[in-house]
Amino acid sequence: MSMDRSSLRTSNHSAYRLYYHLVLSMKYRHKCLTAPMLARLEEILRDLLTKWGCQMVEFGGEADHVHLLFEAPPTVKLSDLVKNLKSVTARRMRKEFAQELAPYYWKPYFWNRAYALISVGGRANIDTLLRYIENQDDPRKLGPPLD
């Protein structure tokens, strides 16, 4: 996907560039995701993110977990977004791939309850940002004002 990741997005009174890395694993870490299931998950997640005003940057996965890199505006409540992504994908996948999932889940399970959500830096990494902030001309570092 081609997009300029160096420029800021803007809304009424803010400028931002917020990226997140979401990792979802299968309940009991069952290795049950197939290539068609991963392809369908990517479609569902891309559509859901768009509805939330977000944008998928990258998606990938293995038989027992998926990785999702996405961009979100600052108005999105991330815990609500993740809850929605997990519940909608679980419901649709259990319905669309019921036969394939039956040997793994006899109850309405799909995702593990836990997830990992990590903020991802923009052009500068955390060390660069720390140095930049530490080296500001902070008046507290300059000593008392001259009269």
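The model is predicted, so to speak with care: local features need pLDDT of at least 70, side-chain atom pairs count only at pLDDT 80 or more, and totals for chains, interfaces and linings use all residues. Residues are numbered from 1 along each chain as its sequence is written, and side-chain values use heavy atoms, with hydrogens and water left out.

Start with helix α2, residues 78–96. Helices here are DSSP runs of H or I with at least four residues, and strands are runs of E with at least two, numbered from the N terminus. Helix α2 has 19 residues and reaches 27 Å from first C-alpha to last. That is close to the 27 Å expected at 1.5 Å a residue, taken as 1.5 Å times one less than the number of residues.

Which parts does the buried side of α2 pack against? They are β3, α1, β5, α3 and β6. Contact means heavy atoms within 4.5 Å.

Now T89, in helix α2. Is T89 buried or exposed? T89 counts as buried because its relative accessibility is 0%. Buried means under 20% relative accessible area, exposed over 50%, partly exposed in between, with a 1.4 Å probe and protein chains only. T89 touches L41, I44, L45, L48 and W111, leaving out residues up to four places away in sequence. The side chains of T89 and W111 also lie 2.8 Å apart in a polar contact.

Last, Y132, in helix α4. Y132 counts as exposed because its relative accessibility is 55%.

Technical notes: Polar contact = N/O pair within 3.5 Å; in protein donor to acceptor, adjacent residues only side chain to side chain.
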